[in-house]
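Here's a quick briefing to read alongside the model. Have the structure open and follow along.

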Amino acid sequence: MARGVVPRQPARTGRQDKVSVARAPSRTKTSQKKTAGGLKNALPGSKAKQASKSAKPSKGYNPIAPERVTEILKRLNDLYPDVTCALTHTSAWELLVATILSAQSTDVNVNRVTPEIFKKYPTVQDFAALTPEQLEPDVRSTGFFRNKSKSVVGAAKKIVSEFGGIVPDDIEKLLTLPGVARKTANVVLGTWFKKAEGVVVDTHVHRISRRLELTKESDPQKIEQDLIKILPRERWILFSHQVIWHGRKICFARKPKCAECALENICHAGDKTWSTVEMHKNAKA
Ligand code: SF4
């Protein structure tokens, strides 16, 4: 980094985020006790690097305390008030196809491919009349194209034969479609039908929920169950959209931009790149 160039740092008091933080802990045992966990662990920026070695959470710290979860949700709301799914679509069927194609691919890549496919095959019946092999060249660039073609054509056939050509707005029915697991079902239900039946856990939600200590799990279904327990139902849909955007803009898998993150002084992730608070060694992606 060029001399004289310093990364933007949060105020020592956390007042930019309207959060009260305690004074920096000294090295004495007594003061370490006083600065246990949560919002009370801020350190002066200049001492942050050496003071933020990974540690076990302080005694009494509860990462899923309602007030902490509320603060996280508030900050996400301030950061991303109007976000929604980035996959281009004009119907539940198009969103279903786009979500199936987005596995192991980027939304940008999928959005490049889907307008052409929907021009070529405008209805679910058009897809149902295909063989997977016929669709493969059209979805090749999204990766795993053989499986994805099989899933899309299989889902179309089932929607036409069993659901009258209409994508069901019921999670149990959606889960019977080939290639549709909870993540895809929750995307379609939440984004298109505005039904909060669960929480979308994609790679960003997976990573950031662990970093923020909202879960210790690594299995997406278990992460979803943990999030369902601590998030108010009316936030299930928006939370995922906001966290996905945060993962794309700031909280990258590698080298998250912690010095620019509005959640910094309440995030104790063990793999932070910069910290004013105690880092917890097990809280990482
Ligand atoms: S402080 Fe860093 S690790 Fe924590 S949420 Fe922000 S970017 Fe992610």
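Let's start with E213, which lies in the loop between helix 11 (203-211) and helix 12 (220-230); helices here are DSSP runs of H or I with at least four residues, numbered from the N terminus. This is a predicted model, where local features need pLDDT of at least 70, side-chain atom pairs count only at pLDDT 80 or more, and totals for chains, interfaces and linings use all residues. Residues are numbered from 1 along each chain as its sequence is written, and side-chain values use heavy atoms, with hydrogens and water left out.

**Positive phi**
- Most residues other than glycine have a negative phi.
- E213 has a positive phi, near 65 degrees, and isn't a glycine.
- E213 is buried, with a relative accessible area of 11% (buried means under 20%, exposed over 50%, partly exposed in between, using a 1.4 Å probe and protein chains only).
- Q104 also isn't a glycine, and its phi is positive at about 55 degrees.
- Q104 sits in the loop between helix 4 and helix 5 (107-120), and it is exposed, at 70% relative accessible area.

**Helix 11**
- R207 is part of helix 11 and counts as buried, at 6% relative accessibility.
- R207 and K284 are 77 residues apart in sequence, but their C-alphas are 7.4 Å apart in space.

**Aromatics**
- Searching the whole structure turns up three aromatic pairs (ring centres of Phe, Tyr or Trp, the last by its six-membered ring, within 6.5 Å; planes under 30 degrees apart are stacked, over 60 edge-to-face, the rest tilted).
- W93 and F127 make an edge-to-face pair, 5.3 Å centre to centre with 70 degrees between the planes.
- W93 lies in helix 4 (residues 92-101) and F127 in helix 6 (residues 124-128), so this pair ties together parts 34 residues apart in sequence.
- W93 and F127 are both buried.
- Ring pairs join W93, F118, Y121 and F127 into a cluster.
- Over at W245, the charged end of R248 sits over the ring, 5.5 Å from its centre (the test: NZ of Lys or CZ of Arg within 6 Å of the ring centre and within 35 degrees of the ring normal).

**Ligand**
- Residues surrounding the ligand include R211, H246, E264 and K272, along with C251, C258, C261 and C267 (each with a heavy atom within 4 Å).
- By class, this shell has six nonpolar, one polar and three charged residues (Ala, Val, Leu, Ile, Met, Phe, Trp, Tyr, Cys and Pro count as nonpolar, Asp, Glu, Lys and Arg as charged, and the others, Gly among them, as polar).

How values were computed:
Helices (H or I, at least four residues) and strands (E, at least two) are DSSP runs, numbered from the N terminus.
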